[in-house]
Amino acid sequence: MLLIAALVLILLEAKFGGHGALAIAGIVCLTFGLLTLVAAPVPELAVSPWVAFAVAAAFTLITVWLVRLAVRARRTKFLLGPSALVGRPARAMEPLNPAGHVLVEGEIWDAVSSEPLPAGAALRVVGLDQYLLRVEPVARE
């Protein structure tokens with residue numbers, strides 16, 4: 001039952017992502033479940049204590065690594081959609097007076113600037129109003 005509980009808890013951790021609480025409970029259940037196999041009533045079914053600890057340690061390392069990846073993924077900012085463009089470099093495709101087209105990450109966007117800018121000017125995206133980028137020059141001359 002402890003081995004089944006360990007499997008269920010580790011699968012629940014993968015499904016719901018409880019920051020490792022379910023995984024730790026699953027590893028504890030796995031360790032105790034494997035240790036119950038050490039003193040099996042039938043000697044031929046007994047497991048070496050070293051094997052039990054090695055399997056538990058391997059699952060612990062894998063689970064800790066996966067939980068760290070999941071937590072890091074939750075902390076990163078969005079890398080998709082228009083909001084990911086804020087802070088990215090851009091290049092004016094035509095004079096911005098104050099609106100025009102800019103090239104950002106290989107895509108052409110409508111943009112507006114607070115000052116007139118020539119075509120080819122190096123820009124930086126500072127904001128986003130729906131699908132209209134707000135840009136400013138990178139270096140003022």
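Here is a walk through the structure above, from the overall outline down to single residues. The model is a predicted one, so please read the values below as computed from it.

Let us start with the fold. The protein chain holds three helices and five strands.

Now step back and look at the outline. Along the principal axes, the C-alpha atoms of the protein chain occupy a box of roughly 85 × 25 × 20 Å. The radius of gyration is 28 Å, whereas a compact globule of 141 residues would come out near 14 Å. Buried residues account for 26% of the 141 residues. The accessible surface is about 9,700 Å², and carbon and sulfur atoms contribute 69% of that area. As for contacts, take those with a separation of 6 or more: 38% of them join residues 24 or more positions apart. The charged side chains number 11 positive and 10 negative, and the centres of the two sets are 8 Å apart.

Leu35 sits in helix 2, which covers residues 21-38. Is Leu35 buried, exposed or partly exposed? Its relative accessibility is 29%, so Leu35 counts as partly exposed, since this class lies between the 20% and 50% cut-offs. Setting aside residues up to four places away in sequence, Leu35 touches Ala52 and Phe53. The C-alpha atom of Leu35 is also 6.9 Å from that of Pro49, a residue 14 positions away along the chain.

Beyond its neighbours within four places in sequence, Pro95 makes contact with Leu117, Pro118 and Ala119. Gly120 is 25 residues from Pro95 along the chain, and their C-alpha atoms are separated by 7.9 Å. Pro98 belongs to the loop between strand 1 and strand 2 as well, and the peptide bond leading from Asn97 to Pro98 is cis, with omega near -10 degrees.

Most residues other than glycine have a negative phi, and most peptide bonds are trans. Glu105, in the loop between strand 2 and strand 3, has a positive phi near 55 degrees. Glu105 counts as partly exposed, at 49% relative accessibility. Gln130 lies in the loop between strand 4 and strand 5 and has a positive phi of about 55 degrees, although Gln130 is not a glycine. At 71% relative accessibility, Gln130 counts as exposed.

Finally, which residues form an aromatic pair? The count comes to one such pair. Trp109 and Tyr131 make it up, with 6.4 Å from centre to centre and 20 degrees between the planes. The pair is stacked because planes under 30 degrees apart fall into that class. Trp109 is in strand 3 (residues 107-113), while Tyr131 is in the loop between strand 4 (122-129) and strand 5 (132-137), so the pair links parts of the chain 22 residues apart.

Terms used. Residues numbered from 1 in each chain as written. Predicted model: local features only at pLDDT ≥ 70, side-chain atom pairs only at ≥ 80, totals over all residues. Heavy atoms only, no water. Helix = DSSP H or I, 4+ residues; strand = E, 2+ residues; numbered from the N terminus. Rg over C-alpha atoms; globule rule 2.2 N^0.38 Å. Buried < 20%, exposed > 50% of the residue type's maximum accessible area, 1.4 Å probe, protein only. Contact = heavy atoms within 4.5 Å. Areas by Shrake-Rupley, 256 points an atom, 1.4 Å probe, with all protein chains shown as cover. Lys, Arg positive; Asp, Glu negative; His and termini not counted. Charge placed at Lys NZ, Arg CZ, Asp CG, Glu CD. Phe/Tyr/Trp six-rings, centres within 6.5 Å; stacked < 30°, edge-to-face > 60°.
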